[in-house]
Amino acid sequence: MRFDGQTVLVTGGSRGIGRAIAEGFAARGAKVAVHYNSNVKAAQATLDQLAGDGHFALSADLSDSAQVQRMIDEAAARLGRLDILVNNAGIHEECLLSECSYEEWRAHFARILGVNLLGAAKAMHCAAQHMIQQGGGRIVNISSRGAFRGEPTAPAYGASKAALNSLGQSLAKLLAPHNIFVGTVAPGFVETDMAAERLAAADGDEIRAQSPLGRVAKPQEVAYAALFLASAGAEFSTGTIIDVNGASYLRS
């Protein structure tokens with residue numbers, strides 16, 4: 001897979017899966033805009049690791065509609081065009097229905113859906129406007145196996161990812177006539193900073209044992225699936241959801 005001359009915006013590109021995706025595109029010839037929320041040091045560390053030149057970082061709060069539009073327009077302007085959008089940014093938090101108040105429950109859903117679903121939806125709308133004008137593009141959404149198996153301790157997270165799957169498939173049908181292709185990657189546990197504490201805890205071995213491979217995914221393995229969906233030749237995979245969970249959860 002090569003992306004020479006192509007331009008990419010990766011949301012949540014400063015750490016973990018997003019950093020691996022940004023590195024994968026840059027190593028294959030693309031120019032990459034790395035989005036971050038507030039951790040400018042992590043974004044700069046990502047830029048320092050990217051092969052090639054012309055890359056840059058930009059910040060935005062994805063729960064803020066105006067900032068999402070500014071992010072997309074700025075990325076397209078500085079890159080010259082926007083060929084690929086990767087919606088990777090997401091937040092996760094736990095909230096047990098049996099233990100949290102109604103106010104906490106409402107706030108939990110507002111925070112998680114505001115970024116994971118609504119932020120991604122707004123980014124797709126804004127990016128699609130540029131892609132329609134330029135004659136095509138690719139959108140890759142990073143979802144989760146939690147969309148299928150459920151997330152009882154983090155219900156808003158599971159709901160946001162299930163909705164993101166549906167939204168991606170809806171837009172795959174809608175945007176295909178515009179030469180815009182939409183795909184989704186649904187990882188299980190991934191070896192990232194965000195998951196490090198959980199994997200080091202008492203149930204870390206149980207988590208790794210969920211896969212017959214006896215481990216969790218590396219960020220680069222998730223990135224490879226995203227790169228495939230964005231690559232030339234993958235057009236007929238539009239609407240696809242690729243599971244990257246090491247057979248830890250098999251859906252029919």
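Good morning. The structure is a predicted model, in which local features need pLDDT of at least 70 and side-chain atom pairs count only at pLDDT 80 or more, while totals for chains, interfaces and linings use all residues. Residues are numbered from 1 along each chain as its sequence is written, and side-chain values use heavy atoms, with hydrogens and water left out.

I begin with helix H5. Helices (H or I, at least four residues) and strands (E, at least two) are DSSP runs, numbered from the N terminus. H5 covers residues 118–134, which is 17 residues. From its first C-alpha to its last it reaches 25 Å, close to the 24 Å expected at 1.5 Å a residue; the expected span is 1.5 Å times one less than the number of residues.

Which residues of H5 are buried? They are Gly119, Ala120, Ala123, Met124, Cys126, Ala127, Ala128 and Met131. Here, buried means under 20% relative accessible area, exposed over 50%, and partly exposed in between, with a 1.4 Å probe and protein chains only. Just after H5, Gly135 takes a positive phi of about 95°.

Strand E6 is the next element. It is mostly covered, as eight of its eight residues are buried. In a regular strand the side chains alternate between the two faces of the sheet. Both faces of E6 are covered: one side carries Ile180, Val182, Thr184 and Ala186, the other Phe181, Gly183, Val185 and Pro187, all of them buried.

Which strands does E6 pair with? Two strands pair if DSSP finds at least two bridges between them. E5 and E6 run parallel and are joined by six bridges; within this pairing, Arg138 has Phe181 of E6 as its bridge partner. E6 and strand E7 (residues 241–244) also run parallel, joined by four bridges, and Pro187 stands opposite Val244 in E7.

Val244 itself is buried, with a relative accessible area of 14%. Leaving aside neighbours within four places in sequence, Val244 is in contact with Val185, Ala186, Pro187, Gly188, Glu221, Val222 and Ala225. Val244 and Leu229 are 15 residues apart in sequence and 13 Å apart in space, C-alpha to C-alpha.

I turn now to the aromatic side chains. How many aromatic pairs does the structure hold? There are two. Rings of Phe, Tyr and Trp (its six-membered ring) pair if their centres lie within 6.5 Å; planes under 30 degrees apart count as stacked, over 60 as edge-to-face and the rest as tilted. Phe3 and Phe25 have ring centres 4.8 Å apart and planes at 70°, so this pair is edge-to-face. Because Phe3 lies in the segment before strand E1 (7–10) and Phe25 in helix H1 (residues 16–27), the pair ties together parts that are 22 residues apart in sequence. Phe3 is buried at 0% relative accessibility, and Phe25 is buried at 0% as well.

The other pair, Trp105 and Phe109, is tilted, with 5.0 Å centre to centre and 55° between the planes. Both residues lie in helix H4, four residues apart, about one turn of the helix. Trp105 is partly exposed at 22% relative accessibility, and Phe109 is partly exposed at 23%.

Two arginines sit over rings. The criterion is that NZ of Lys or CZ of Arg is within 6 Å of the ring centre and within 35 degrees of the ring normal. Arg78 lies over the face of Phe56, 3.9 Å from the ring centre, and Arg106 lies over the face of Tyr102, 5.1 Å from the ring centre.

Finally, the cysteines. A disulfide is a pair of cysteine sulfur atoms within 2.5 Å, and by this rule the count comes to zero. Cys95 is buried, with a relative accessible area of 8%. Cys126, in H5, is buried at 12%.

Thank you for your attention.

Conventions
Contact = heavy atoms within 4.5 Å.
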